[in-house]
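Hi,

Here is the structure I promised to pass on. Have a look at it first, and then read my notes below.

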Amino acid sequence: MNRKVLLVSIILPPVVGALTHKLLLKPQARRRKEKKEAELRRRYNDELQAGRDKAAGEIKLLEAAVARSLERECSSDPPGLVIEAAFFGDAEAITRAAARVGTQPPSQPETSTSAPSSGTPGPGENGMEGELGSGCLEVCTALQFLVEDSKLDLPEGISFVGMMGFCDPCPWREEKELLIHYTFADQAYKARVKDCEALRIPQRSHATHH
């Protein structure tokens, strides 16, 4: 047999197989996954709306307490723990939301309002994280409410879904994550944990600039 023909017969099949997987099978699988998730989102629409309405109502109840918490944390010397941005839900969705919103310098007590001044919309408000079925929920105010003496300590095994100001923003996904941008002593930090994992902040390992 011609050596070139033999070489082609050995190399060509795996190359064709790899290209078929990359250009045909992988995109098809991704489209099937996206279609299935879209169907699940429509199916869970009422549940999502009820959950977001519940979370929004609870946030209203927390506003005064959070304003006091912010004033205490911002007026201490050095400044204490301030949650600047926080998102809960699907891993990709919370990453997109955090990137779009970004973070701002630490809140100031004289300008603090009923929620941390990160500029993030609350549950159900405008923005991708407020859209029904987006897979993401803004939880900045809910977490600031839990801050005590410049610390936030949640033990392992407790789901964020059942906490005040939270809901399940992506019931079609088993795994959910919490992404937090916070400041402590005028330094920026970022933490990311899975649902039901322990959350303890501040921690030096969370510093965004070492």
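**What I found**

The largest nonpolar core has 31 residues, and Ile83, Val139, Leu143, Leu152, Phe166 and Leu178 have the most contacts inside it. Two or more residues each come from α2 (45-75), β1, α4 (140-145), β3, β4, β5 and β6. By nonpolar core I mean a set of buried Ala, Val, Leu, Ile, Met, Phe, Trp, Tyr and Cys residues joined through side-chain atoms within 4.5 Å. Buried is under 20% relative accessible area, exposed is over 50%, and partly exposed is in between (1.4 Å probe, protein chains only). Helices (H or I, at least four residues) and strands (E, at least two) are DSSP runs, numbered from the N terminus.

Before you go further: this is a predicted model, where local features need pLDDT of at least 70 and side-chain atom pairs count only at pLDDT 80 or more, while totals for chains, interfaces and linings use all residues. Residues are numbered from 1 along each chain as its sequence is written, and side-chain values use heavy atoms, with hydrogens and water left out.

Leaving aside neighbours within four places in sequence, leucine 152 is in contact (heavy atoms within 4.5 Å) with Leu81, Ile83, Leu143, Leu146, Val147, Leu199, Arg200 and Ile201. Another core, of eight residues, lies apart from the 31-residue one; Phe87, Ala93, Ile94 and Leu179 are among its members.

**Strand β1**

**Salt bridges**

How many salt bridges does a search of the whole structure find? The count is eight, taking a salt bridge as a side-chain nitrogen of Lys or Arg within 4 Å of a carboxyl oxygen of Asp or Glu. Three of them are worth a look on screen:

- Aspartate 90 and arginine 173 have their closest N and O atoms 2.1 Å apart. Aspartate 90 is in the loop between β1 (81-89) and α3 (91-101) and arginine 173 in the loop between β3 (152-154) and β4 (177-184), so the bridge ties together parts 83 residues apart in sequence. Aspartate 90 is buried at 9% relative accessibility, whereas arginine 173 is partly exposed at 22%.
- Aspartate 153 and arginine 200 meet at 3.2 Å, N to O. This pair links β3 to β6 (residues 199-201), 47 residues apart. Arginine 200 is partly exposed at 43% relative accessibility.
- Lysine 194 and glutamate 177 meet at 3.3 Å, N to O. Lysine 194 is in β5 (residues 187-194) and glutamate 177 in β4, so the pair ties together parts 17 residues apart in sequence. Lysine 194 is partly exposed, at 37%, and glutamate 177 is buried, at 13%. Salt bridges with shared partners join Glu175, Glu177, Arg192 and Lys194 into one network.

Leu61, Phe145 and Met164 make a nonpolar surface patch of about 300 Å². Patch residues have over 30% relative accessible area and no salt bridge; like charges are joined within 9 Å, and nonpolar side chains (Val, Leu, Ile, Met, Phe, Trp, Tyr) within 5 Å. Areas come from the Shrake-Rupley method with a 1.4 Å probe, and for residues only the protein chains shown count as cover. Methionine 164 sits in the loop between β3 and β4 and is partly exposed, at 38% relative accessibility.

Cheers
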